[in-house]
Amino acid sequence: MVAQKLTAALLFLAASFAPSPAHGASSILTVCHSIAKEISSSSSVYYPGSSNYGFDVSHWSNLSSHSAVCSVEPGSAADLRVLGKSRAPFAIKGGGHTTNPGFSSTNGVQISMTRFSNVVYDASSQTVEIGSGLVWGDVYAALEPHSVNVVGGRVATVGVAGLILGGGMSYNTNQYGLSIDNVVAYELVLPNGKVTTVTSKDEDLFWGLKGGFDNFGVVTKFTMKAYPQTEVWGGTIFVLPDSLDAANDGIAQFSANVTDPKAAIESAFTYYAGQVVLTIIIFYDAPMPPPGLFDGFLSIPGATQSLSTRSFLSMAHATSSDPGAPNVLFNGPQVKRVTKPLLQAIVNETKFWGDALTPYSASGLNIVPETFLPSIFSHGQHSAYPPERLAGLSPINMMFGWNDSSPAVQERFHDALVQSAAQLASVAAQDGQDSTDAAVYTNYALYGAPVGNYVRGKCKEVEEDQASV
Ligand SMILES: Cc1cc2nc3c(=O)[nH]c(=O)nc-3n(C[C@H](O)[C@H](O)[C@H](O)COP(=O)(O)OP(=O)(O)OC[C@H]3O[C@@H](n4cnc5c(N)ncnc54)[C@H](O)[C@@H]3O)c2cc1C
Ligand SMILES: *[C@@H]1O[C@H](CO)[C@@H](O)[C@H](O)[C@H]1NC(C)=O
Ligand SMILES: *[C@@H]1O[C@H](CO)[C@@H](O)[C@H](O)[C@H]1NC(C)=O
Ligand SMILES: *[C@@H]1O[C@H](CO)[C@@H](O)[C@H](O)[C@H]1NC(C)=O
Ligand SMILES: *[C@@H]1O[C@H](CO)[C@@H](O)[C@H](O)[C@H]1NC(C)=O
């Protein structure tokens, strides 16, 4: 069973569906036509030129928008079986926010889950069924009247499916864990077309779906635990270059000393006109935070604050989801603690790569260290991500964007993300954190990373198994 688990972990690295030479556009078109004939009236096939097709292939980062031959909007789990009949290359899109080309995009058949859009709250079991075509803003809006919530994304426009299947970090993660720690059942269409419900009883599949994206089939519905949700307090603080040092003291203080699981922050360092600016998102899971908790941020000189008691949904709309450039890639090295030396290195990396990449149409270059509690992984167990749960880890979300669409420029930004992540890992190591050994967070991972980056860790089980593969 352990061998199966490791194989599963390796499998999700192959989540790229480049068309094989055996499948030219004309043979894919034949597949599109036969899908159209076989599906029920709840599903549809669309072709270039139609607005549904445009929506189905579009992605947050245009780098991931490909020219599929057709798009399919399945309307029932049963119709997904039809797709399994051909070997045509395909990709499955939830909210389309992955930045890695080919993960949810294809030049073959684009499957768009948009018609799986129900949110059903069951008060008696305190669970919520969530369609895999939804984005988080839809889910929070549907749950707000019931004063309950689920552990989901922080930005309203991000997709439910990819965020959960890659792990899922929320404002409420310090209280309840990752999104995958809160899924009680997945409705899954297996590659053989069988529709099944996966729960903790199906040990290996349940494990694999927690971090393994689309490698085990197509998820049509998630059933998640529901939690009571009151109004929250929070918003953004915008910091100018002169006050970065004071802000970094506040962030390091928060990371070292704040243990209240209802508190969360997210700090985005942004390259802007040759300088580094900072936006700190502050969140507290109650209408008012305890006095003093966020003083380190409220006292930053010259900062612009936009903080209030508000709905959880309004928090999800408080951060911009504008990519800032047509092309964006992520990387996500991990650390245990966000310290002052690490923050200084992040400021330096933002400035260094902003300057270095400006000639290559850099636009929207951000480095966002996450600041979760060391207990982040204590709320669940047995998952593809993280492969082991002994030490708490917070990823640094690096987002480099640019305008020029030439492949050479893409390669330059890819290399910059690899180099910059290595530099931050080395600074963290010098600062007493051996993070170079940690598994990358799958939802921020950059394509082309060595397989070892996803199964690394101190898990004895995996190490023994690697030796025996
Ligand atoms: C603006 C922004 C904000 C973000 N905020 C957060 C955050 O707060 N917390 C966090 O953890 N992450 C965050 N992320 C990262 C995010 O979790 C990933 O980009 C995630 O994969 C997006 O999910 P999606 O459905 O939109 O993506 P998609 O690109 O549609 O899918 C991503 C992956 O999931 C697979 N997939 C999609 N649907 C299905 C399905 N039904 N069945 C099987 N596989 C499927 C795809 O094939 C692909 O491999 C953010 C990203 C962006 C761009
Ligand atoms: C977006 O991607 C498409 C398809 O790859 C391409 O044709 C188009 O020029 C891109 N748009 C921008 C603004 O880069
Ligand atoms: C954490 O709190 C202790 C005790 O108040 C203080 O000495 C220390 O400087 C704080 N850590 C950080 C990183 O601010
Ligand atoms: C800033 O970052 C660059 C690129 O990683 C590195 O070469 C340089 O040493 C860093 N400077 C400082 C002062 O840390
Ligand atoms: C890149 O494109 C954005 C619009 O998508 C524009 O605002 C920005 O000025 C452009 N930047 C560069 C460097 O060309």
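Below are my entries, grouped by spot.

**Ground rules.** I'm working with a predicted model, where local features need pLDDT of at least 70, side-chain atom pairs count only at pLDDT 80 or more, and totals for chains, interfaces and linings use all residues. Residues are numbered from 1 along each chain as its sequence is written, chains are lettered from A and ligands numbered from 1 in written order, and side-chain values use heavy atoms, with hydrogens and water left out.

**Entry: the annotated stretch.** I checked the UniProt record, an unreviewed entry, and it marks residues 64–229 as "domain: FAD-binding PCMH-type". I noted that UniProt positions are given in the numbering used here, feature names are shortened, and annotations may be inferred rather than shown by experiment. Helices (H or I, at least four residues) and strands (E, at least two) are DSSP runs, numbered from the N terminus.

**Entry: Asn149.** I found Asn149 in strand β7 (residues 148–149). Is Asn149 buried or exposed? Asn149 counts as buried because its relative accessibility is 4% (buried is under 20% relative accessible area, exposed over 50%, partly exposed in between, with a 1.4 Å probe and protein chains only). I then looked at Gln229: it sits 80 residues from Asn149 along the chain, yet their C-alpha atoms are separated by 5.6 Å. Their side chains are joined by a polar contact of 3.1 Å (a pair of N or O atoms within 3.5 Å; within protein, one must be able to donate a hydrogen and the other to accept it, and residues adjacent in sequence count only if both atoms are side-chain atoms).

**Entry: Thr371.** I placed Thr371 in the loop between β18 (362–369) and β19 (394–402). Why does Thr371 count as buried? Because its relative accessibility is 6%. Beyond neighbours within four places in sequence, Thr371 has contacts (heavy atoms within 4.5 Å) that include Asn174, Phe254 and Ser394.

**Entry: ligand 4.** Which residues are around ligand 4? I listed Asn348, Glu349, Phe352 and Gln423, taking near as a heavy atom within 4 Å. Helix α12 (residues 340–357) gives the most to this shell, three residues. An oxygen atom of ligand 4 lies 2.3 Å from a polar side-chain atom of Asn348.

**Entry: ligand 2.** Around ligand 2 I found Asn62, Ser65 and Pro326. One oxygen atom of ligand 2 is 2.4 Å from a side-chain N or O atom of Asn62.
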